[in-house]
Amino acid sequence: MTMSKDIDPIVMAVPAAPLSKRRKGSLAWLLNVRLAIGLAILLIMGLGSLILPFFATVDPSIQSSFMRNMPPSAAHWLGTNSLGQDIFWFLVFAIRNSLALGVLVACGVTLVATIVGLSAGYIGGRFERFVMLIVDTFITIPLLPILIILGALIRGNTSFFTVGIIIIIFGWAWDARTVRSMALSLREREFINMARFSGANTMQIIAREIFPYVSAYMVVGFINVVLFAINTEATLAVIGLSKVEVPTLGSIIFWALNYNALFTGQYVWLVAPIIATVTLFLGLFLTSTGFNQAFASKRGVS
Amino acid sequence: MGVLRYVAKRIGLYLAVLFIGLTITFMLPRLMPINPVDGYIGQLQSRANGTLTSEAIAEMRTNLEQLYGLNGNVFTQYVSYLKRVVVDFDFGPSFTYYPQPVSAMILNALPWTLGLLLTATFIAWVLGNMVGLVAGYFHKKRAASILEFLGILLYPIPYYILAITLLLLLAYIFPVFPLSPTFPVGQMTPEKLGMIFYNSLLPGITLVLAGFGWNILSMKALAVATTEEPYVTYARLKGASNWTRMMRYVFRNALLPQVTALALSLGMVFNGALLTEMIFSYPGIGLIMRTAATGGDYNVLYGAITLSIIAVATAGLVIDLIYPLLDPRIRHK
Amino acid sequence: MARLGRSFVATLLLGSLMTTTAFAQGAMSDVGTPRSETLIVQTFDGRSANPTAQNPLNSYAIWRGFRELGWGYLWEMDTATGESYPEMADGFPEVLNEENTQFRIKIRPGITWSDGQPFTTDDIIYSLDTAFKYREQLTNVASVTVYLKSYKKIDDLTFEVETVNPSFDLTTRLGVYTWGTPFNWVPKHIFEPLGDEVVSFQNAPPVTLGPYKVKEFDPNGFWQLWELREDWEKSSWGNLGTPKPKYILYKDFGTEETRALAFVQNQYDIDSFMSPDSIDAAKARNPAIETFSATFPYHDMNDACSYGVYINQQRAPYDMEEVRWALALSLNLSQVGISAMSGQFKAAALPLPDTPITNSIFYEANLQALKDLTIGDGYKPFDAEFSNTLVESLKTQGIDPALLPTGEAIQEGFGAGWWKHDPAEAEKLLASVGIEKGADGFYAMPDGSPWVIEFVIPGDWNKVLQRLGFSIADSWRQAGFNVNARQVDNGEYTTVQNTNARNELQINWSNTCVYNSNWLGNWNQFRESNIKPADSNDPLSGNYARITDPEVLALVDEGSRLPLDDPKFVENGQKIAMEIAQDMQIINLMNIPTTIPTNSTYWTNYPKQDNFYAAPYTWWSSFKKTVVSIEPTGQQ
């Protein structure tokens with residue numbers, strides 16, 4: 001049920017009061033154990049996968065570069081697969097591509113969802129009804145069947161970033177709905193009323209009162225969309241609907257399953273991307289909850 | 001104060017969503033690079049190659065286009081599609097399995113999908129929320145971190161990996177469950193029901209584990225946040241017991257968004273169905289959708305997607321209608 | 001681990017306890033039949049999405065035993081020799097006129113339907129009447145409605161037909177050609193009372209002619225159970241021998257991962273396609289699992305079709321012979337075969353498979369011509385040593401030499417040769433038509449514009465072709481072609497195959513299917529009428545290889561007017577094969593490798609390389625030969 005996960009688990013945990021009394025300077029309140037571990041994982045994996053490819057001697061996606069099915073050795077840290085590719089280098093490229101896709105989708109989704117959700121939730125009225133009509137329509141269209149149809153259309157024809165665009169198009173609505181319901185609930189809270197009574201206009205309220213409140217969610221939501229996007233692309237790759245020749249965390253698994261690695265005992269081929277995926281997800285998750293915790297404790301301070 | 005007016009508006013929105021959804025459903029398969037007639041003819045060719053002459057194929061092609069109602073322009077097809085779906089709830093015949101009606105195919109598969117996925121989603125929700133509540137309410141205790149760790153561990157594992165690992169573990173290394181279940185047919189007896197239940201356990205467990213992590217994490221986060229609300233502090237000062245505070249104050253309030261999540265994820269079972277049914281050879285609507293997409297069987301796709309659109313839209317409607325009852329903060333002007 | 005064990009566990013589970021120890025050696029199959037009397041077979045095309053459709057006049061689930069166990073044919077084919085023999089017919093048709101259009105056919109007396117009613121010409125006439133009457137509503141009758149002009153009953157066991165055109169292949173058109181027939185006879189006593197309803201009649205469960213009848217089937221389409229008729233001797237092939245299994249279960253065991261595991265657990269007896277790596281692993285885990293051949297290549301290579309890269313020769317730049325040859329010479333088949341199929345393949349350079357039957361007819365006749373063939377400036381492209389070189393590279397890949405064939409067996413196993421791998425020569429050929437590599441290292445069009453080859457391959461509905469396709473694309477990319485390998489679903493695959501405007505290169509098999517000297521059954525599609533303009537969006541009804549070569553078309557046309565046993569007819573076939581190869585109109589690759597591993601725990605004497613009494617396929621009608629030849633092991 002990977003697909004239902006973009007109802008964000010952290011959204012509901014957004015701090016119950018604004019944290020915006022901008023205290024410039026020290027960011028020390030941000031630091032906690034989770035965040036530190038999470039960021040460290042992300043940094044290592046992100047930078048590693050960005051820098052290492054420059055040192056690659058061969059393009060890992062080319063077949064028969066080496067002997068097939070070699071065990072891990074000094075020359076091939078994780079061995080080679082049944083296609084004669086180096087598993088380690090394939091993995092490095094895969095992490096880079098998957099992360100890039102995740103970040104791209106997360107930017108898109110967060111941007112769209114926040115603008116749409118916030119304005120709908122706060123402005124309300126006819127505007128809200130219209131926007132929510134669109135949002136609800138997108139939500140009701142089941143993602144996976146649509147992706148299967150679109151997969152038939154796009155696969156092979158374009159870069160795999162098209163997959164990313166499509167995930168944005170069919171993925172922003174959930175987040176928009178969440179943001180809007182937050183805004184809806186915020187609209188009724190005292191500090192908003194207070195602002196309204198003190199004569200602030202709509203834009204000012206959104207910008208000064210609601211946005212800071214929601215911004216905590218945005219960081220966290222962003223990270224979760226990264227997770228969601230990587231996972232969705234991987235799901236598509238595993239059922240062969242993404243561009244499987246491009247190394248991604250999903251396409252390694254596609255190939256490993258295609259060559260039945262589990263059954264033939266080539267565990268490294270399949271286990272390596274799984275560990276990488278889980279570690280990456282752990283990094284993303286710890287970062288997002290770490291942020292959340294930091295925001296929460298910050299509020300506790302103020 | 002128009003409660004009725006609110007309800008009417010919401011239902012209006014619901015209908016509009018359905019209409020737009022149906023239209024998109026109609027358009028999308030037509031963008032597919034597959035001519036549905038080819039799907040059927042390809043099937044015939046693959047089993048009769050060498051004996052099927054060109055003339056025979058040409059004759060079949062003409063007949064099929066006639067039978068499938070594909071020979072008008074797109075607009076005519078759209079109007080007749082809307083009419084059929086809205087008035088008769090009829091999706092016409094399957095193209096690949098002509099003349100079998102789509103509604104019959106879907107109705108056969110639906111109980112399997114709903115039975116497995118609804119149950120699993122609900123169990124995952126209940127269990128996850130209980131664990132999450134405990135972990136969240138006692139979030140300062142070490143034991144709570146262990147519970148949360150369980151969630152952290154389960155949540156990021158991609159579903160198909162979880163599924164294949166469990167299959168390997170529980171059906172091959174320890175062959176407790178069948179690798180490829182055989183579902184009994186004919187008159188149902190308690191023994192046969194037992195077989196069905198038993199055969200559904202492995203996909204069920206996988207689904208529960210997959211949904212479990214998310215529920216733990218979100219409930220925990222909610223519970224932590226709620227625990228710090230002033231009214232909980234007030235309750236503590238008032239001398240309410242731990243149990244009372246956890247259940248009456250924290251749980252009731254934290255539950256609200258979780259109910260939304262549950263209702264929405266009930267609608268999303270159609271997504272989960274696909275992978276589950278592929279991996280576990282489980283009969284259901286996901287497999288039908290997959291076959292339909294590969295063969296360009298528009299009518300079956302319409303049927304399956306329309307059904308899930310209706311399910312999700314209805315779930316959304318129900319939430320919006322009952323939400324004001326649950327959350328007094330949202331009033332309707 | 002069969003049913004007893006399972007339901008026992010199920011009962012325990014209901015009592016909330018799980019156990020792994022309760023697996024007594026199961027005596028029953030999952031469907032409640034004694035395992036020792038049940039032959040269990042993996043269904044060829046997996047689960048059926050519409051299992052109740054069992055009316056052969058419409059779409060029906062052909063793969064679940066109907067063709068092999070249910071229906072009956074006038075003439076069947078002996079797949080060990082490629083010869084037709086009468087099944088329900090009493091002898092071969094009698095030709096009534098000089099033009100070879102009128103025939104008299106007799107039916108063997110004493111055949112009954114599975115409900116005991118006799119099978120007579122009334123059934124045949126009713127089937128044909130219905131086909132013609134509802135030809136626009138029934139979706140599976142066009143093969144006879146375009147073939148026959150008229151027909152009449154003479155008596156209960158004799159009838160006559162007249163064909164539209166002179167016909168020398170009546171026995172394979174109204175009977176079986178290699179794997180089955182597109183038109184089946186239906187019982188008049190069941191269908192006639194339905195009147196117009198026949199067009200939507202589901203016919204489940206059906207009344208059948210074969211020795212087995214449908215006992216039960218899964219409404220979800222995963223399995224179907226057949227039971228031997230008590231009066232099987234009166235069935236359509238009751239004279240073939242004693243069918244050994246009392247029950248035959250066709251079941252889909254799911255994805256290859258689960259299938260391989262279930263096979264190791266002895267849950268079923270015969271598989272369909274299994275990839276080479278899985279078979280190796282399965283053999284290592286269960287000695288009862290056997291491949292078709294004991295040495296490399298393990299696969300059965302006797303399929304009637306061969307895989308090839310079909311080129312849309314109507315489209316630039318593929319209309320140039322030099323370009324097509326450059327693609328062939330850049331394709332490193334030995335590397336492709338090792339990456340995609342662990343070296344388990346049999347190369348075939350002519351546009352048809354190289355089998356024991358076709359080898360002597362087509363390959364031997366052309367071998368010298370292949371060796372002498374020159375292209376471009378006198379370059380000899382054929383590599384007769386292909387198989388020997390392949391065996392050497394398999395040795396360096398660490399394959400145990402004991403598993404590899406030696407001497408003569410090398411050519412028998414890996415084929416009579418293929419084209420050289422020579423990218424340098426390819427570069428020369430391309431340069432001769434003005435195609436050179438651009439700045440990005442890829443070949444560009446003669447006018448300098450980018451050239452991206454669109455190469456369509458199957459998605460995971462055909463894993464072997466999917467892997468082959470990706471490896472071929474990789475091989476071409478390494479030689480400097482910018483290839484976009486596009487894996488598609490089978491619906492789109494067929495659309496691309498049929499539509500000129502959408503087709504560039506496609507991996508395919510549908511026009512390279514010749515099983516015996518009768519090449520007409522398949523190559524008859526190479527006709528003027530099956531050629532459409534290069535940019536046409538109208539679907540083709542044949543000739544998916546886009547053969548436009550007038551020489552080939554003339555040979556086919558001439559051949560269609562010759563008796564099948566005329567030496568001239570066979571000669572035309574040999575010429576067509578060579579003509580297509582020398583202009584590289586199809587880059588033919590290899591015989592279709594079908595693995596068909598078997599499990600000898602419950603049954604033995606399956607067809608094997610050294611026991612080739614029939615093609616080993618469970619989805620060909622000739623599977624009936626296997627059914628009467630296998631023996632129970634006595635394993636309970």
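The points below are grouped by topic, from chain composition to individual residues.

The model is predicted. Chain A has 10 helices and 0 strands, and chain B has 13 helices and 0 strands.

- Along the sequence, the elements of chain A read α-α-α-α-α-α-α-α-α-α.
- Chain A comprises 302 residues, of which 58% count as buried.
- Of the contacts in chain A between residues with a separation of 6 or more, 75% involve residues 24 or more positions apart.

- The order of elements in chain B is α-α-α-α-α-α-α-α-α-α-α-α-α.
- Chain B has 333 residues, and buried residues make up 51% of them.
- When contacts in chain B between residues at least 6 apart in sequence are considered, 74% join residues at least 24 apart.

**Chain B: the two domains**

- The domain assignment divides chain B into domain 1, covering 17-88, and domain 2, covering 105-331.
- Where the two domains of chain B meet, 13 residues of domain 1 are in contact with 11 residues of domain 2.
- On the domain 1 side of this contact in chain B, α1 (3-31) and α2 (36-48) each supply at least two residues.
- The largest share of that side comes from α1(B), which provides 7 residues.
- By class, the side of domain 1 of chain B that touches domain 2 has 9 nonpolar and 4 polar residues, with no charged residues.

**Contact between chains B and C**

- Between these two chains, 69 residues of chain C are in contact with 62 residues of chain B.
- Six helices of chain C each supply at least two residues of the side that touches chain B, namely α1 (3-14), α4 (142-145), α5 (170-173), α7 (256-264), α16 (490-498) and α17 (520-523).
- With 7 residues, α1(C) gives the most to the side of chain C that touches chain B.
- The residues on this side of chain C divide into 33 polar, 24 nonpolar and 12 charged.

**A helix pair in chain C**

- Helix α10 (residues 333-341) and helix α15 (residues 463-478) of chain C have axes that come within 9 Å and cross at roughly 140 degrees.
- The two helices, α10(C) and α15(C), are therefore oblique to each other, since an angle must be over 145 degrees to count as roughly antiparallel.
- The crossing of α10(C) and α15(C) is right-handed.
- From α10(C), the contact is made by C:Gln335, C:Val336, C:Ser339, C:Ala340 and C:Met341. From α15(C), the contact is made by C:Val464, C:Arg467, C:Leu468, C:Ser471, C:Ile472 and C:Ser475.
- The residues in the contact of α10(C) with α15(C) fall into 6 nonpolar, 4 polar and 1 charged.

**Cis peptide bonds in chain C**

- C:Phe296 and C:Pro297 are joined by a cis peptide bond, with omega about -20 degrees.
- C:Pro297 is placed in the loop between β11 (289-290) and β12 (306-311) of chain C.
- A cis peptide bond also joins C:Ala316 and C:Pro317, with omega about 0 degrees.
- C:Pro317 lies in the loop between β12 and α9 (321-330) of chain C.

**Residues with positive phi**

- A:Asn260 is a residue other than glycine with a positive phi, near 50 degrees.
- The position of A:Asn260 is in the loop between α8 (249-258) and α9 (261-264) of chain A.
- A:Asn260 counts as buried because it has 27 C-beta neighbours inside 10 Å, and the cut-off for a buried residue is 20 or more.
- C:Asn100, although not a glycine, has a positive phi of about 65 degrees.
- C:Asn100 is located in the loop between β4 (94-95) and β5 (102-106) of chain C.
- C:Asn100 counts as partly exposed because it has 16 C-beta neighbours inside 10 Å, and a residue is buried at 20 or more and exposed at 12 or fewer.

Technical notes:
Residues numbered from 1 in each chain as written. Chains lettered and ligands numbered in written order. Predicted model: local features only at pLDDT ≥ 70, side-chain atom pairs only at ≥ 80, totals over all residues. Helix = DSSP H or I, 4+ residues; strand = E, 2+ residues; numbered from the N terminus. Contact = placed C-beta atoms within 7 Å. Axes fitted to C-alpha atoms, helices over the stretch in contact; angles between N-to-C directions. Parallel < 35°, antiparallel > 145°, perpendicular 65-115°, else oblique. Left-handed = near helix turned anticlockwise from the far one by under 90°. Nonpolar A, V, L, I, M, F, W, Y, C, P; charged D, E, K, R; others polar. Domains from an automatic or database assignment.
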